[in-house]
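Q: Please take a close look at the aromatic pairs in this model, and then at what else can be said about its charged surface.

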Amino acid sequence: MTTVSRAYVSRLAGLPVLDPDGDRVGKVRDVVVALRVGTAAPRVLGLVVEVVARRRTFVPMGRVTTLDPASVVLSAGTLSLKRFEQRRGETLVLGELLDRRVQLTESGRTAAVVDAGIEQTRTGDWVLSRLAVQEPGRLGRRGQLHQVAWDEVGGLELSPTGQGAETLIATYRELNAADLAHALQDLPVTRRQEVAEALDDERLADVLGELPEADQIAILGTLPESRAADVLEVMDTDDAADLLAELSHVDRDRLLELMEPDEADPVRRLLQYTEDTAGGIMTSEPVVLTPDATIAEALARVREPELTPALASQVYVCRPPSATPTGRYLGLAHTQRLLREPPSTLVSGVLDDLGPLRPEAPLAEVTRYFATYNLVAAPVVDAQGRLVGAVSVDDVLDHLLPEDWRERARRG
């Protein structure tokens, strides 16, 4: 199977969407993009996929692991069956961009959009980089067909006025989540709310994870409950649990009920642990492999762009099931060790027998553990021998630093 880094949207329409095992889960119906102010290429947010009973749902582009002329393959995980609802700032390529009239910058002539090309950047993001446009023909003939870069046409970009927060968001598009969080804190409350509402779910989830708890609660409280639940679903499970722990029991339970069960269950498990223990600061989504996985498979998993560097430093080998809480925990393998071994070797043959943390281990014990073994991530295993999560060094630092450390960093 050959993965392509560029494709035209009309050729994606109707392609089967497969899970990692090759089973069909639906077919592509459209591509969702976010237009930007000026000539910046639109960012591809995800796919509209038709699943059972002709229901259309949204699949984030980050879930796409393989895109080839015959199919689209998704990463492991449950496919949401929530019906797709287009949000403000989102544009459907097939449904809204095709047949739109544009002006060719070089010649000044008008043309119609007949197709759009998406491309993967070096960072792993996808953008709508090219257009196929056709000029009007004469005497019943077809006009000239051009393939042009996005910035070689006019008429599709967002207007710098009358677009609510989109113009402001465009100025933030190159900021990482931490810097955007700092920028939001400097905005008036009303403007901050507008920006939060206009950000897509994944971007907003990343930003919330970088904000002080009071600001997280304030922003989440301005969102419709259904949208708040969607954002919590795409947050890291430990961040979502920390945020929900600050809410009243009534609000917390209502949001958990609105979340997809497969997304809510890991968060509920984390909420059972005390905040200053290994269980209270761990994530329930580390890289887990079964004993028959090869080193090549392990290296492919740690390359997944959504993994933090800390979580990508190790893989954990367990008996099935592979979702936490797993089957019996067997050990971990460091990525550096994986790079030195033949790709066909079983990952179970290169395990480190380092003793894991217990969920009830206090923060002081977790800190000593990291310092003793020079780690950036560590497994957490329960009394039944099951892997329930992993603690990363950034989670430890977040709980060791003063509560207002983010505010101090912003002022600095």
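**Aromatic pairs and surroundings**

A: In this predicted model, Phe 58 has a relative accessibility of 27% and therefore counts as partly exposed. The limits behind that label are under 20% for buried and over 50% for exposed, with partly exposed in between. Phe 84, at 18% relative accessibility, falls on the buried side.

The structure holds 3 aromatic pairs. Phe 58 and Phe 84 make up one of them, and this pair is stacked. Phe 58 is part of strand S5 (residues 56–60), while Phe 84 sits in the loop between strand S7 (72–74) and strand S8 (91–92), so the pair ties together parts that are 26 residues apart in sequence.

Tyr 369 and Tyr 373 also form an aromatic pair, this one edge-to-face. Here the distance is 5.1 Å centre to centre, with 65° between the planes. The edge-to-face label follows because that term is used for planes over 60 degrees apart. Both tyrosines belong to helix H15 (residues 363–373), and because they are 4 residues apart there, about one helical turn separates them. Tyr 369 is buried, with a relative accessible area of 10%, whereas Tyr 373 is partly exposed at 42%.

Next, the charged surface. Glu 202, Asp 206, Asp 236, Glu 285, Glu 306 and Asp 394 form a negative surface patch. Asp 394 is placed in helix H16 (residues 393–400). With a relative accessibility of 40%, Asp 394 counts as partly exposed.

Thr 105 is found in the loop between strand S9 (101–104) and strand S10 (110–120). Its relative accessible area is 54%, so Thr 105 is exposed. Thr 105 and Arg 328 are 223 residues apart along the chain, and 62 Å separates their C-alpha atoms.

Methods:
Residues numbered from 1 in each chain as written. Predicted model: local features only at pLDDT ≥ 70, side-chain atom pairs only at ≥ 80, totals over all residues. Heavy atoms only, no water. Patch = residues over 30% accessible without salt bridge, like charges linked within 9 Å, V, L, I, M, F, W, Y side chains within 5 Å. Areas by Shrake-Rupley, 256 points an atom, 1.4 Å probe, with all protein chains shown as cover. Salt bridge = Lys/Arg side-chain N within 4 Å of Asp/Glu carboxyl O. Lys, Arg positive; Asp, Glu negative; His and termini not counted. Charge placed at Lys NZ, Arg CZ, Asp CG, Glu CD. Helix = DSSP H or I, 4+ residues; strand = E, 2+ residues; numbered from the N terminus. Buried < 20%, exposed > 50% of the residue type's maximum accessible area, 1.4 Å probe, protein only. Phe/Tyr/Trp six-rings, centres within 6.5 Å; stacked < 30°, edge-to-face > 60°.
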